[in-house]
Amino acid sequence: MNSFLGRPYLDSYSPTADDQYAVNVVELPGGIKKTLFLLEIHEDGVSKLLSSKESLAPCDIAVFVYDSSDESSWKRATELLMDVAGDGEDTSYEVPCLIVAAKDDLDSFPMAIQNSTRVSQDMGIEAPIPISSKLSDFNNIFRRIVNAAEHPHLSIPETEAGRSRKQYHRLINQSLMVVSAYHVYAARKNASS
């Protein structure tokens with residue numbers, strides 16, 4: 001959040017206790033300017049956010065930031081991603097999601113690349129975007145957030161349960177089309193006899 005507002009990197013860490021907001025202008029290629037409004041929600045606030053059926057409706061995108069050197073941080077970020085994806089599938093308020101691997105200047109935990117690749121591929125979203133606030137390497141993260149919000153269909157995660165549900169609905173719809181086609185055929189055949 002501080003980097004988004006142009007504030008310098010601080011070595012001291014102070015965990016987020018309350019929701020924090022930030023608003024700034026992001027310049028896109030071609031000189032196009034977009035206003036990006038960020039809301040940082042502490043991980044404990046996610047369950048409260050998801051407690052209402054329409055809670056995800058106003059969200060344009062959800063970004064999950066984890067410490068790339070800490071496996072427990074990765075696990076918690078993926079749990080939250082699964083919660084948001086599952087809630088979106090259950091309520092039909094599916095939200096595009098990005099994963100951000102912070103502290104890219106530190107060594108990643110041993111299985112980081114394999115785990116992140118598997119989760120990204122399984123859920124059909126982009127691989128985690130590595131950034132380092134300390135090195136001021138943000139990998140165009142704010143442009144990427146705007147891009148994902150403008151093209152949401154490219155970043156909506158899908159759980160295994162969601163894929164199964166969609167496949168089931170496709171089969172039902174195909175079955176109904178076959179039954180409908182048969183009824184039309186039978187009606188025409190009876191009419192011509």
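Predicted model: local features only at pLDDT ≥ 70, side-chain atom pairs only at ≥ 80, totals over all residues.
In what order do the elements of the protein run from the N terminus on? I read off β-β-α-β-α-β-α-β-α-α.

**Overall numbers**

I looked up burial for the chain: 31% of the 193 residues count as buried. Then I checked how far contacts reach along the sequence. Taking contacts between residues at least 6 apart, I get 69% that join residues at least 24 apart.

**The largest core**

Next I went for the nonpolar cores. The largest has 21 residues, and Phe64 and Leu81 touch the most other members. Which elements give two or more residues to this core? I find β3, α2 (71–91), β4 and α3 (112–123). Helix α2 gives the most, with six residues.

Skipping its neighbours within four places in sequence, I listed its contacts as Ala77, Leu80, Leu81, Val84, Cys97, Leu98, Ile99 and Val100. There is also a second, separate core, which has 17 residues, among them Ile61, Val100, Ala102 and Ala148.

**α2 against α3**

How do α2 and α3 pack? Their axes are 12 Å apart, at an angle of about 5°. The cut-off for roughly parallel is under 35 degrees, so α2 is roughly parallel to α3. On the α2 side I noted Glu71, Trp74, Thr78, Leu81, Met82 and Ala85 as making the contact. On the α3 side the contact residues are Asn115, Ser116, Val119 and Met123. Leu81 turns up here as well as in the largest core.

**Helix α4**

I asked which residues of α4 (141–150) are buried. The list is Ile141, Phe142, Ile145, Val146 and Ala148. They sit on the same side of α4, because they cover an arc of only 165° around the axis. The general point behind this is that an α-helix has 3.6 residues a turn, so residues three or four places apart point the same way. As for what covers these buried residues, I found strands β1 (20–27), β2 (33–40), β3 (62–67), β4 (97–102) and β5 (129–130) among the cover. Ala148 is also a member of the second core.

**Aromatic pairs**

How many aromatic pairs does a search of the whole structure find? I get three. In one of them, the rings of tyrosine 21 and phenylalanine 37 have centres 5.7 Å apart and planes at 45°, so I call the pair tilted. Tyrosine 21 is in strand β1 and phenylalanine 37 in strand β2, so the pair ties together parts that are 16 residues apart in sequence. Buried or exposed, tyrosine 21? It is exposed, at a relative accessible area of 53%.

Phenylalanine 138 and phenylalanine 142 make another tilted pair, with 6.4 Å centre to centre and 40° between the planes. Phenylalanine 142 has 18% relative accessibility, so it counts as buried.

**Valine 23**

Last stop was valine 23, which lies in strand β1. It counts as partly exposed because its relative accessibility is 48%. I noted that valine 23 and leucine 38 are 15 residues apart in sequence, with 6.2 Å from C-alpha to C-alpha. Which residues is valine 23 in contact with, leaving aside neighbours within four places in sequence? I wrote down Phe4, Leu5, Thr35, Leu36 and Phe37. Phenylalanine 37 is also the partner of tyrosine 21 in the tilted pair above.

How values were computed: Residues numbered from 1 in each chain as written. Heavy atoms only, no water. Buried < 20%, exposed > 50% of the residue type's maximum accessible area, 1.4 Å probe, protein only. Helix = DSSP H or I, 4+ residues; strand = E, 2+ residues; numbered from the N terminus. Arc of directions from axis to C-beta. Contact = heavy atoms within 4.5 Å. Phe/Tyr/Trp six-rings, centres within 6.5 Å; stacked < 30°, edge-to-face > 60°. Core = buried A, V, L, I, M, F, W, Y, C linked by side-chain atoms within 4.5 Å. Axes fitted to C-alpha atoms, helices over the stretch in contact; angles between N-to-C directions. Parallel < 35°, antiparallel > 145°, perpendicular 65-115°, else oblique.
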